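Please keep the sequence and the model in view while reading.

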Amino acid sequence: MKVAIASGKGGTGKTTVAVNLARAWGVPVQLLDCDVEEPNAHLFLGGEPGNEVPVFIKIPSVDEALCDACGECGRFCEFHAIVVVGKAPLVFPGMCHACGGCAKVCPRGAIREVDERIGVVETRKAGTVSLTLGRLDVGVSMAPPLVHAVRKQIREGSPVILDAPAGTSCTVVATLRETDFVVLVTEPTPFGLHDLTLAVDLVRELRLPFGVVVNRVGVGDDRVHAWCRKEGIEILLEIPDDRRIAEGYARGRLLVDALPEYAGLFRSLAGSIRARVGVAA
Amino acid sequence: MNIVFSTSGDSLDAPLDARFGRAPKFLLYDLEAGLARLIDNKEGRAASQGAGIQAAESVARAGAGAVVTGHCGPKAFAVLRTAGIKVYSCRAATVGEALAQYRSGALVEQTEADVAGHHA
């Protein structure tokens with residue numbers, strides 16, 4: 001079973017929900033930190049850092065001796081990662097989505113694909129949680145292939161929790177695709193509601209079952225609750241606006257460890273998700 | 001030689017657009033014939049990424065020998081340089097003024113991009 005934790009807005013508590021849900025699940029789980037631009041689940045879970053395995057994408061390299069500047073590659077590339085204006089193509093690695101099309105359409109076989117490093121994947125053990133995280137190299141804009149590399153570490157058998165980046169862009173889609181359930185974390189503020197509606201649009205377009213966790217209940221207003229009622233969206237869990245939670249978070253502690261009275265909330269969230277997905281464990 | 005100006009309008013009186021990649025249009029001026037024609041930068045403007053690359057391809061295909069614009073990013077500059085197109089940065093208010101500055105030799109050719117790109 002694969003469960004993704006997402007939100008429209010940043011800072012709503014995705015990682016808080018992901019790490020505490022992972023710890024409270026009751027059986028060993030795999031947690032994938034797919035927020036590859038700023039992974040931080042490991043800061044809460046601890047554990048010894050594992051080996052960093054570099055991740056590469058394939059980008060074109062042009063043999064100028066074979067190239068006759070016909071321009072087929074440039075006409076094919078939707079992202080303008082390869083452009084022919086002079087005697088040979090110019091390649092812009094940062095634009096390349098690594099589809100390999102340019103090499104296939106080149107009539108002279110002048111293009112071969114070469115490795116371009118985009119980041120690393122690391123797996124570590126933290127108690128009952130096996131954590132895999134992706135870390136995008138600074139200056140790299142092509143994050144989805146790194147999310148795919150993180151997802152390749154999924155091992156069948158144990159539940160998998162995927163911590164998504166904020167927003168609704170390609171990296172989020174790469175994280176949410178082919179999961180069984182999505183937990184959308186929001187806060188009861190106009191900003192939380194606005195971005196929740198975007199995230200709901202996204203999961204509906206992806207046709208994924210989902211529910212909402214409202215964090216910091218007690219601040220803001222009741223528009224998130226009212227909107228979820230109107231849309232028929234289930235609120236799976238409400239986390240109260242408790243100063244002690246913020247204090248534990250500020251020290252990098254797991255909520256279920258710092259305040260054991262909240263462990264039950266996350267166990268019941270795990271139960272609700274299992275019930276919604278229709279599996280026993 | 002054809003010289004290309006980034007602009008939001010359609011004549012020599014129109015404003016010179018400070019952006020290259022996301023300029024609405026390009027005015028291509030034939031220096032010898034004294035004739036102007038417009039190139040729509042529809043593709044470049046609508047691109048989520050790579051606007052400069054597309055704009056540079058368009059002006060290269062149109063047969064430009066020089067580009068006069070406000071600012072040009074690194075990818076557009078690389079394409080223009082590869083196509084043998086000279087790039088001049090200019091702060092003139094209108095295309096006509098920019099043309100006059102070019103003719104008087106007041107514009108200095110850029111040797112590198114003068115603004116940072118938006119992506120790696």
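Which are the buried residues of α2(B)? They are Ala51(B), Gly52(B), Ile53(B), Gln54(B), Ala55(B), Ala56(B), Glu57(B), Ser58(B) and Val59(B). Here, buried means under 20% relative accessible area, exposed over 50%, and partly exposed in between, with a 1.4 Å probe and protein chains only.

## Basis of the description

This is a predicted model, in which local features need pLDDT of at least 70, side-chain atom pairs count only at pLDDT 80 or more, and totals for chains, interfaces and linings use all residues. Residues are numbered from 1 along each chain as its sequence is written, chains are lettered from A and ligands numbered from 1 in the order in which they are written, and side-chain values use heavy atoms, with hydrogens and water left out.

## Chain A as a whole

Chain A contains 11 helices and 11 strands. Helices (H or I, at least four residues) and strands (E, at least two) are DSSP runs, numbered from the N terminus. Along the principal axes, the C-alpha atoms of chain A fill a box of roughly 70 × 45 × 35 Å.

Of the 281 residues in chain A, 51% are buried. The accessible surface of chain A is about 12900 Å², and carbon and sulfur atoms account for 51% of that surface; such areas come from the Shrake-Rupley method with a 1.4 Å probe, and for residues only the protein chains shown count as cover. Among the contacts in chain A with a separation of 6 or more, 72% join residues 24 or more positions apart. Contact means heavy atoms within 4.5 Å.

## Helix α2 of chain B and its cover

After α2(B) comes Gly63(B), with a positive phi near 85°.

Val83(A) lies in strand β4 of chain A and, at 0% relative accessibility, counts as buried. Leaving out residues up to four places away in sequence, Val83(A) touches Ile53(B), Glu57(B) and Val79(B), along with Ala88(A), Pro89(A), Leu90(A) and Phe92(A). Val83(A) and Val55(A) are 28 residues apart in sequence, and their C-alpha atoms are 26 Å apart in space.

## Helix packing in chain A

Two packed helices are described by the angle between their axes and the distance between the axes. Helix α1 (residues 14-24) and helix α11 (residues 263-277) of chain A cross at roughly 85°, and their axes come within 9 Å. Axes are lines fitted to C-alpha atoms, for helices over the stretch in contact, and angles run from 0 to 180 degrees between N-to-C directions. On the α1(A) side the contact is formed by Thr16(A), Val17(A), Asn20(A), Leu21(A) and Ala24(A), and on the α11(A) side by Ala263(A), Phe266(A), Arg267(A), Leu269(A), Ala270(A) and Ile273(A). These residues divide into 8 nonpolar, 2 polar and 1 charged, where Ala, Val, Leu, Ile, Met, Phe, Trp, Tyr, Cys and Pro count as nonpolar, Asp, Glu, Lys and Arg as charged, and the others, Gly among them, as polar. In α1(A), 10 of the 11 residues are buried, so α1(A) is largely enclosed by the rest of the structure.

Helix α7 (residues 190-205) and helix α8 (residues 223-231) of chain A pack at about 30°, with their axes 9 Å apart. They are therefore roughly parallel to each other. The contact of α7(A) with α8(A) comprises 7 nonpolar, 1 polar and 3 charged residues.

## Residues with positive phi in chain A

Ala98(A), a residue other than glycine, has a positive phi near 60°. Ala98(A) is placed in the loop between β5 (90-91) and α4 (101-105) of chain A, and is partly exposed, with a relative accessible area of 27%.

Arg216(A) is not a glycine either, and its phi is positive, at about 60°. Arg216(A) belongs to strand β10 (residues 210-217) of chain A and counts as partly exposed at 28% relative accessibility.

How values were computed. Angles under 35 degrees count as roughly parallel, over 145 as roughly antiparallel, 65 to 115 as roughly perpendicular and the rest as oblique.
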